[in-house]
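Open the model in a viewer and follow the stops below in order. Each stop says what to select and what is found there.

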Amino acid sequence: MSVKTLQNEKQIVSVKRCASFTVEQWLDFNWKQAAKLVFSLQRRIAEAVKQNRYNKVKVLQRILVNSKSAKALAVKQVTQNKGKRTAGIDKKLWNKTYQKANAVGTLTTVGYKSLPLRRIHILKKNGKTRPLGIPTMKDRAMQSLFKMALEPISETLADTCSHGFRMYRSCHDAVANLFQILCRKNSPVFILEADIKGCFDNISHTWIKDNIPLDKKVLTTWLKSGFIEKQKLFPTHAGTPQGGIISPVLANMTLDGLQKHIYQAVGINFSPTKRILKNKYQIHLVRYADDFIVTANNAEILQSIIIPAIDEFLSIRGLELSSEKTVITNINKGFNFLGFNFKKYNEKLLIKPSKQSIKSVKSKIADITQKLSSAKTDEYITTTNSVLRGWGYYFRTVVAKETYTKIDSFMFNRIVRWCKRRHPRKQWYWIKQKYFQTIEKSNWVFTGEKQNIFKLSKIQIRRQIKIVGTANPFTDIEYFAERKLRKTYAACSNII
């Protein structure tokens with residue numbers, strides 16, 4: 001070991017053991033320096049994984065999860081995210097500064113045992129419910145801490161076609177990936193729309209413990225913690241709970257390797273760093289979490305080879321395909337993926353917002369109009385604008401201008417009904433004078449005292465630049481810095 005490396009190790013170990021912070025220490029803590037130190041360790045873990053030096057990986061992981069910097073960042077993360085006001089079964093929250101400072105010292109593996117999850121159910125779009133497990137604040141912080149140690153491994157070993165729950169990747173990268181595969185005249189025409197049945201709830205605990213490179217005792221206490229529903233304790237024999245901070249990473253690592261397995265099923269020696277030259281069946285996989293698409297130029301190949309290969313891969317992990325959501329379709333008929341509709345019109349691929357997505361946003365607007373019928377104008381505009389902006393910017397990377405115009409028209413009709421309901425005895429001319437103005441050559445702009453209604457048609461379409469599949473945020477630092485700079489420049493210069 002070189003002198004410089006030894007000095008770095010001593011510097012890291014010097015912050016390895018930590019007691020609780022004082023309030024002053026928490027307030028004066030150097031967060032930038034802490035993030036830099038943690039990232040340095042994560043980069044070294046990723047490089048060690050590339051070199052297959054897993055003994056070194058274990059040592060670096062142990063250093064990271066015991067460092068003061070990582071523990072402080074873990075506490076900061078769980079006390080600043082959206083779930084900071086949601087308590088677990090112990091009904092404890094870390095709202096006060098002294099609670100956050102004291103929490104740092106509690107994050108230790110010595111004697112650690114996870115408490116059961118608080119089970120709640122949220123409504124899905126299809127009318128069914130999805131169970132969520134809410135961990136306690138301490139368990140969330142511990143998961144956040146160990147996620148820092150696991151994520152460099154996950155990112156390094158991830159499939160190049162995986163885009164869900166990964167750093168600097170999004171739905172739009174998956175859509176851009178699919179566009180590249182399907183946009184040409186000689187592109188594959190048959191699509192396998194696949195969905196895994198209860199992915200998070202059914203992953204084999206045995207497989208996770210045998211294949212996820214993480215502290216086995218800590219991993220086991222999370223997996224076997226159980227959940228409490230209606231004041232009853234239920235054990236967990238399989239799955240990783242939806243709602244846990246580390247669960248998406250565990251699910252991704254469980255499904256990584258599917259890409260290679262599918263290619264091997266059709267006789268292709270796949271390597272993520274080499275281009276596939278002989279792919280006569282045009283097999284391609286694009287995955288976002290547990291939803292994925294497989295393409296081919298022959299429907300029989302999908303039915304007789306690909307589906308059995310996927311079943312074989314999943315069965316080892318305790319999973320299976322959902323029969324009701326797994327279908328083979330033709331690109332000329334179109335299919336939906338992540339809220340987008342993919343379809344070829346006269347051999348030209350167009351990606352648009354799906355009918356379900358359009359119906360969903362219209363339903364939200366109608367509900368807001370009804371619930372806020374007696375609210376102040378600015379309150380109505382603020383609530384509606386949040387829905388319109390979020391929906392509009394999600395679909396700004398595809399063919400959406402026509403859809404934007406139609407929804408603006410729908411929005412105008414709802415506004416008119418809202419105004420007439422408030423002033424049933426007033427003439428239309430009076431309502432127009434009170435609520436509508438001409439702004440920047442746009443007539444009939446619904447206006448409050450402080451703001452105007454947001455028009456989707458003003459959003460400029462900006463194509464997503466697909467991320468390089470093998471890019472690793474822990475080792476390819478220059479690539480991601482350049483990509484961020486390019487996005488910033490495009491936003492500032494209004495490039496279409």
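The model is predicted, so side-chain atom pairs count only at pLDDT 80 or more.

Next, select Ile 181, Tyr 263, Arg 275, Ile 276 and His 284. These lie nearest the centre of the second largest pocket, among the 28 residues that line it. The volume of this pocket is about 880 Å³. Now colour α8 (171-182), α13 (258-265) and β6 (284-288), each of which supplies at least two residues of the lining. Which element gives the largest share of the lining of the second largest pocket? It is α8, with 3 residues. Sorted by class, the lining of this pocket has 13 polar, 10 nonpolar and 5 charged residues.

**Around strand β6**

Stay with β6 and select Arg 287 together with Asp 256. Their side chains form a salt bridge, with 2.9 Å from N to O. Asp 256 is in the loop between α12 and α13 while Arg 287 is in strand β6, so the pair ties together parts that are 31 residues apart in sequence. Are these two partners buried or exposed? Arg 287 is buried, at 0% relative accessible area, and Asp 256 also counts as buried, at 12%.

Move on to Ala 289, in the loop between β6 and β7 (291-296). Its phi is near 55°, a positive value in a residue other than glycine. Ala 289 counts as buried, with 9% relative accessibility.

**The largest cavity**

A search of the whole structure finds 3 cavities of 30 Å³ or more. To see the largest cavity, select its lining: Gln 143, Leu 219, Trp 222, Leu 223, Thr 240, Pro 241, Gly 244, Ile 246, Ser 247 and Leu 250. The volume of the largest cavity is about 50 Å³. Helices α11 (216-223) and α12 (247-255) each supply at least two residues of its lining, and the largest share, 3 residues, comes from α11. This lining has 6 nonpolar and 4 polar residues, with no charged ones.

For one of them, select Glu 402 and Lys 406, whose side chains meet at 3.5 Å, N to O. The two are 4 residues apart in helix α17 (residues 401-422), and are therefore separated by about one helical turn. Glu 402 and Lys 406 are both exposed.

Then go to helix α19 (residues 477-493), where Glu 482 and Arg 486 are also separated by about one helical turn, being 4 residues apart. Their closest N and O atoms are 3.6 Å apart, in a salt bridge. Glu 482 is partly exposed at 49% relative accessibility, and Arg 486 is partly exposed at 34%. Finally, select Glu 155, Arg 166 and Arg 169, which are linked in a network of salt bridges.

Select Trp 444 in strand β13, residues 442-446. It has a positive phi of about 60° although it is not a glycine, and it is partly exposed, at 33% relative accessible area.

End at Trp 428, in helix α18, residues 428-435. Trp 428 is partly exposed, at 32% relative accessible area. Its C-alpha atom is separated by 46 Å from that of Ser 170, 258 residues apart along the chain.

Methods: Residues numbered from 1 in each chain as written. Predicted model: local features only at pLDDT ≥ 70, side-chain atom pairs only at ≥ 80, totals over all residues. Heavy atoms only, no water. 1 Å grid on protein atoms, 1.4 Å probe; cavity = no way out; pocket = protein on both sides within 12 Å on 5 of 7 lines; lining within 4 Å. Points joined across faces, edges and corners; volume = space filled by probe spheres on them. Nonpolar A, V, L, I, M, F, W, Y, C, P; charged D, E, K, R; others polar. Buried < 20%, exposed > 50% of the residue type's maximum accessible area, 1.4 Å probe, protein only. Salt bridge = Lys/Arg side-chain N within 4 Å of Asp/Glu carboxyl O.
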